[in-house]
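Student: I am new to this structure. Can you show me how to read its contacts and its symmetry?

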Amino acid sequence: MNWSLTIDKALPRPLRIILRGVGQVFFCCNAVTGLIFLVALFIGSVTAGAAATVGVISSTVAAYLLGFSEDDIDAGLYGFNGTLVGPCLFLFLEHSPQLWLYVVLASILSSIVLAALMRILHPYNVPASTSPFVLTCWMFLVAVYAFDSFTRGPILPPPGIPTVVTGVGAIPAEVWFTALTKGIGEVMFADSVVVGILFLTGIAIVSWRGALMALSGAFVGVIVPMLFGANQNLIEMGLYAFNPVLTMMALGWVFLKPSGKSAVLAILAGILTVVCQAGLASFLTPIGLPTLTFPFVLVMWMFLFAAGKSKYWSGPAAK
Amino acid sequence: MNWSLTIDKALPRPLRIILRGVGQVFFCCNAVTGLIFLVALFIGSVTAGAAATVGVISSTVAAYLLGFSEDDIDAGLYGFNGTLVGPCLFLFLEHSPQLWLYVVLASILSSIVLAALMRILHPYNVPASTSPFVLTCWMFLVAVYAFDSFTRGPILPPPGIPTVVTGVGAIPAEVWFTALTKGIGEVMFADSVVVGILFLTGIAIVSWRGALMALSGAFVGVIVPMLFGANQNLIEMGLYAFNPVLTMMALGWVFLKPSGKSAVLAILAGILTVVCQAGLASFLTPIGLPTLTFPFVLVMWMFLFAAGKSKYWSGPAAK
Amino acid sequence: MNWSLTIDKALPRPLRIILRGVGQVFFCCNAVTGLIFLVALFIGSVTAGAAATVGVISSTVAAYLLGFSEDDIDAGLYGFNGTLVGPCLFLFLEHSPQLWLYVVLASILSSIVLAALMRILHPYNVPASTSPFVLTCWMFLVAVYAFDSFTRGPILPPPGIPTVVTGVGAIPAEVWFTALTKGIGEVMFADSVVVGILFLTGIAIVSWRGALMALSGAFVGVIVPMLFGANQNLIEMGLYAFNPVLTMMALGWVFLKPSGKSAVLAILAGILTVVCQAGLASFLTPIGLPTLTFPFVLVMWMFLFAAGKSKYWSGPAAK
């Protein structure tokens with residue numbers, strides 16, 4: 001897909017870096033893909049698009065001012081965590097003018113956490129991925145209990161004691177398409193079929209294997225929770241799918257040498273991601289936090305650390 | 001005890017590996033000891049024995065298929081976490097046909113987590129020990145809230161807010177023997193005097209010092225909680241003892257050079273393990289999870305990491 | 001300030017080590033400063049002073065007996081965690097004779113945890129700082145639920161589900177002085193203006209920049225929570241300030257090369273420490289634990305790990 005890389009290279013550097021930052025949410029170091037993602041976000045919700053823009057700019061500029069690696073900044077690696085911080089805080093907290101400041105502060109922190117984790121993980125050739133976004137947003141979301149200037153929104157799970165699942169049932173055939181596409185959209189908090197399709201398109205521009213893995217991850221994130229008897233509504237909204245989508249892309253396409261073997265590993269990892277997500281959700285219930293993409297991060301970390309001990313797996317590819 | 005090693009070496013390789021895997025639960029790389037443990041488990045409960053068998057085979061075969069170190073597999077290191085996963089899930093969850101699948105999946109994950117942690121901990125010469133079992137089982141046990149196909153059993157602590165201890169009292173002299181032997185049995189979830197005695201026998205075949213440390217750990221796990229005023233019932237069931245048993249074996253026999261000094265360190269570590277267990281139990285109360293063997297893991301890790309900074313302690317011996 | 005170092009060097013070695021251990025709570029390797037801190041503690045409360053003395057002696061002697069680095073012991077590095085353990089347990093638990101034993105046990109553990117963390121963090125040139133104190137005290141405080149021989153005091157936050165802040169309001173001008181000085185005093189649990197002033201004096205003897213950073217941290221810990229709408233009472237008691245005090249001292253004075261740039265970074269880190277403290281407090285609500293100084297530790301760790309990835313920041317200075 002050379003044409004998109006040609007456009008990517010022709011763009012002015014600041015714009016290219018910012019758009020690549022958005023693209024890196026799905027591991028795509030490509031400004032055209034980033035642009036498609038950003039347009040999709042704006043289509044889903046103008047606020048989400050604006051928050052993502054503020055986030056990606058804040059985290060990238062912070063990385064530049066703090067003197068982190070220019071190569072990493074150029075590749076958009078200091079952008080995707082900020083891209084996620086913005087829509088996340090605007091989805092889960094009540095909107096207010098000062099929330100924009102909160103997004104900027106959290107995006108800056110996400111770049112510092114990324115640099116810290118890169119330093120720790122680099123010798124193992126394991127990426128920090130979206131963990132800075134998750135850790136930062138957990139801290140900022142749960143801090144809100146103590147601050148009168150910010151308010152928890154109705155979408156945040158209320159704090160409490162974990163309870164047994166209700167509302168279990170097979171999802172009807174006509175809902176599958178919705179569940180699969182929303183599963184891809186929910187990676188950036190978009191509860192929308194159109195956004196999901198646009199995200200998948202953006203990925204396909206860069207790599208067919210990447211798009212296939214994303215779609216397979218969505219399938220795993222619908223079938224496995226159905227077999228395990230998870231809540232039907234969550235499955236239909238793609239809320240069990242966005243983590244396996246990322247896990248399968250990471251292991252089946254980006255960080256292991258692509259092969260039949262790595263595809264099988266990716267499926268196994270996708271299945272385990274579903275269990276991990278259900279478990280982590282219960283862990284977080286007493287403080288009323290969502291899992292965000294940490295199930296993906298945890299499972300990917302385990303598989304990539306373990307890859308270094310295997311004689312069969314190809315060790316992780318470059319970041 | 002050469003005769004048991006002679007038998008160990010004479011066995012066909014797959015059988016030897018599987019039985020060593022069971023033996024490694026108590027740090028014994030010896031198929032005869034593993035066989036005694038497995039027989040004891042079946043005596044305690046046929047289901048527990050079968051679950052341990054499925055677990056040890058799943059985790060070992062997974063390690064083989066994933067291409068992890070043959071030397072480690074031969075030593076049974078990829079077996080003991082699976083051995084524990086099986087009885088753990090069958091003790092704490094309601095029995096059902098699909099629970100066997102759950103055990104297989106968790107055992108596979110335990111091998112991946114073990115490889116990952118080995119890669120991280122190896123440069124420090126610190127073992128992962130049973131941490132993969134604990135982390136995997138916590139995730140699988142707490143995930144069950146979200147899945148209709150699996151049900152929490154009555155033995156799992158209900159989720160809630162930690163409360164102050166009740167039912168405190170000195171345990172009568174005639175119960176000591178029960179408490180001590182059950183303390184050893186509970187390492188593999190066996191609430192049984194006979195199983196505990198068989199476990200101790202299996203250890204004694206390999207090392208008198210190992211058996212002495214196990215017994216001393218059980219003593220620490222009865223006396224210290226009594227002095228601190230812990231729940232009498234828990235002490236009598238050996239539930240404060242199985243963690244100090246492992247801590248004292250690990251530090252007093254396996255991972256530090258055996259000496260009078262390391263015995264003293266092992267006793268100190270055993271006492272701290274009791275505090276750590278009480279603390280961790282409170283930490284896990286809001287989500288309704290048991291500590292499993294993590295108190296042992298945490299205290300052992302602290303002591304072995306610290307050993308590398310000491311001019312007196314012998315650094316950890318080989319895994 | 002040569003005179004204080006002259007006295008420091010003239011003292012008998014055991015006394016110097018113990019007093020330096022107290023001084024290291026505020027990063028001051030200086031026995032005179034340590035003496036001022038200890039006198040201040042006794043002025044605040046005789047029990048707190050005695051508990052700190054028992055703690056610092058226990059942790060230091062333990063480090064000596066366990067054979068840890070003499071250089072580190074001489075610098076008081078094995079003293080400051082014990083210094084904090086003592087007053088912490090005596091503040092949050094009901095007083096009893098056996099509590100002294102508990103303090104000794106926890107102080108010993110804090111030295112082992114410090115050695116372990118030093119071994120892990122040393123290659124990154126990142127200090128363990130007060131993390132051994134925090135981790136040890138969390139474990140010992142939360143263990144008390146299970147032990148009849150120890151009782152939670154009324155100051156410990158009751159376990160429960162996090163709730164939205166109440167009692168918000170700007171603090172009146174005449175309370176600022178109280179809030180700032182108590183913010184410094186609360187580093188060692190002293191709810192006292194006089195103690196805070198003495199602490200600041202002790203720091204100023206060693207370094208004007210250190211004292212300036214401490215005071216700036218206290219300002220950040222009053223202004224930022226006011227802007228965010230935190231509980232007025234907590235702000236007035238300096239309970240939002242003691243963590244930024246430590247963060248700003250660590251980054252603006254001790255561990256980064258002092259410059260205008262590191263001062264700006266220290267302010268940013270101070271602000272983030274406030275968010276981190278509010279977040280961590282909510283995280284710990286279900287088990288009824290205080291944050292202690294972990295917000296400072298977390299933010300400092302992130303910044304110092306990240307410093308190694310920056311071309312502008314001076315890497316951390318020697319411990």
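Tutor: Start with one term. A salt bridge is a side-chain nitrogen of Lys or Arg within 4 Å of a carboxyl oxygen of Asp or Glu. Keep in mind that this is a predicted model.

Student: How many salt bridges are counted between chain C and chain B?

Tutor: The count is one salt bridge. C:Glu70 pairs with B:Lys311. Their closest N and O atoms are 3.1 Å apart.

Student: How many residue pairs are in polar contact between chain C and chain B?

Tutor: Twelve residue pairs, with both residues at pLDDT 80 or more.

Student: Which elements of chain C supply at least two residues each to the side that touches chain B?

Tutor: They are α4 (46-65), α5 (70-74), α7 (97-121) and α8 (131-143) of chain C. α7(C) gives the most, with eleven residues.

Student: What classes of residue make up the side of chain C that touches chain B?

Tutor: That side has 27 nonpolar, four polar and four charged residues.

Student: How many residues are in contact, chain C with chain B?

Tutor: 35 residues of chain C are in contact with 38 residues of chain B. Now take the area. Buried area is what two parts lose on being put together, summed over both. Chain C and chain B bury about 3,200 Å² between them. Carbon and sulfur atoms carry 75% of it.

Student: Which residues of chain C lose the most area to chain B?

Tutor: C:Arg119, C:Tyr145 and C:Phe147. Together they account for 22% of what the chain C side buries.

Student: Let us turn to symmetry. How are two copies of a chain related?

Tutor: In general, by a rotation about an axis and a shift along it. Here, chain A can be laid on chain B by a turn of 120° and a shift of 0.0 Å along the axis. The RMSD is 0.0 Å. The two copies are thus related as by a three-fold rotation axis.

Student: Which residue of chain A comes closest to the rotation axis?

Tutor: A:Pro286, with its C-alpha at 3.7 Å. As for surfaces, the copies use different ones: 3% of the contact residues of chain A recur in chain B.

Student: Now look inside one chain. Which domains are assigned in chain A?

Tutor: Domain 1 covers 8-153, and domain 2 covers 169-319. The contact takes 41 residues from domain 1 of chain A and 37 residues from domain 2 of chain A. The C-alpha centres of these two domains lie 20 Å apart.

Student: How much area do domain 1 and domain 2 of chain A bury between them?

Tutor: About 3,300 Å², with 83% of it on carbon and sulfur atoms. On the domain 1 side, A:Phe26, A:Phe27 and A:Trp138 supply 23% of the buried area, more than any other three residues.

Student: What are the counts of salt bridges and of residue pairs in polar contact between domain 1 and domain 2 of chain A?

Tutor: Zero salt bridges. Six residue pairs are in polar contact, both residues at pLDDT 80 or more. α8(A) gives the most to the domain 1 side, with eight residues. By class, that side of domain 1 of chain A has 30 nonpolar, nine polar and two charged residues.

Terms used
Residues numbered from 1 in each chain as written. Chains lettered and ligands numbered in written order. Predicted model: local features only at pLDDT ≥ 70, side-chain atom pairs only at ≥ 80, totals over all residues. Heavy atoms only, no water. Domains from an automatic or database assignment. Contact = heavy atoms within 4.5 Å. Buried area = accessible area lost by both parts, 1.4 Å probe. Polar contact = N/O pair within 3.5 Å; in protein donor to acceptor, adjacent residues only side chain to side chain. Helix = DSSP H or I, 4+ residues; strand = E, 2+ residues; numbered from the N terminus. Nonpolar A, V, L, I, M, F, W, Y, C, P; charged D, E, K, R; others polar. Least-squares fit on C-alpha atoms with pLDDT ≥ 70 in both.
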